Amino acid sequence: MWNSTRLMAEAITKGIQQVDSTVTIKLFNAAKEDKNDIMTEIFKSKAILMGSPTINNGYSYAVAGLLEMAHGLKFKKKKAAAFGSYGWSGDAPKMISEHLKGAGFELVDEGIKKLWIPDKAALEDCVAYGKHFAESL
């Protein structure tokens with residue numbers, strides 16, 4: 001709606017690229033992209049970051065579908081982390097992390113969340129988070 005989580009994803013991507021410019025990064029909008037295409041890319045990846053704004057104290061419906069599909073596939077030897085924007089509770093990244101762990105992913109950390117539309121300082125934090133994520137792989 002306000003593209004806050006997308007802005008975070010783009011900033012995290014910049015941080016990853018600063019650590020390793022050869023890594024292939026693909027950004028998907030789960031609400032608009034085909035779920036099977038996204039799952040195929042997850043299957044081919046060494047690591048993923050999954051983001052969602054916190055909506056009604058949870059994560060988006062589109063992300064819920066991906067997490068359900070991932071749970072059934074029981075991934076192994078893949079790392080993951082979660083991120084998201086929020087206005088009140090900020091529960092989505094923690095909830096996504098729990099589901100990723102249940103789907104067999106090794107969590108890199110507890111993820112990152114930012115209040116409202118991320119400002120310059122918040123986006124700089126996201127770039128730093130991307131660096132941390134890349135260095136942890």
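Quick definition before anything else: rings of Phe, Tyr and Trp (its six-membered ring) pair if their centres lie within 6.5 Å, and planes under 30 degrees apart count as stacked, over 60 as edge-to-face and the rest as tilted. Also, this is a predicted model, where local features need pLDDT of at least 70, side-chain atom pairs count only at pLDDT 80 or more, and totals for chains, interfaces and linings use all residues. Residues are numbered from 1 along each chain as its sequence is written, and side-chain values use heavy atoms, with hydrogens and water left out.

So, how many aromatic pairs does a search of the whole structure find? Two. Phe75 and Phe105 make a tilted one, 5.1 Å centre to centre with 45 degrees between the planes. Phe75 sits in the loop between H3 and E2, and Phe105 in the loop between H4 and E3, so this pair ties together parts 30 residues apart in sequence. Those labels are DSSP runs numbered from the N terminus: helices are H or I, at least four residues, and strands are E, at least two.

Buried means under 20%, exposed over 50%, and partly exposed is in between, with a 1.4 Å probe and protein chains only.

Then there's Trp88 with Trp116, edge-to-face, 5.2 Å centre to centre and 80 degrees between the planes. Here Trp88 is exposed at 74%, while Trp116 is partly exposed at 47%.

Okay, strands. Two strands pair if DSSP finds at least two bridges between them. E2, residues 79–86, has six of its eight residues buried, so the rest of the structure largely encloses it. E1 (residues 47–51) pairs with E2 in the parallel sense over five bridges, with Ile48 standing opposite Ala80. E2 also pairs in the parallel sense with E3 (residues 106–107), over two bridges, and there Ala80 has Leu107 as its bridge partner. Four bridges join E2 to E4 (residues 112–115), again running parallel, and Ser85 is partnered by Lys114.

Last bit, charges over rings: that's NZ of Lys or CZ of Arg within 6 Å of the ring centre and within 35 degrees of the ring normal. Lys78 lies over the face of Phe43, 5.9 Å from the ring centre. The charged end of Lys113 sits over the ring of Tyr86, at 5.4 Å from its centre.
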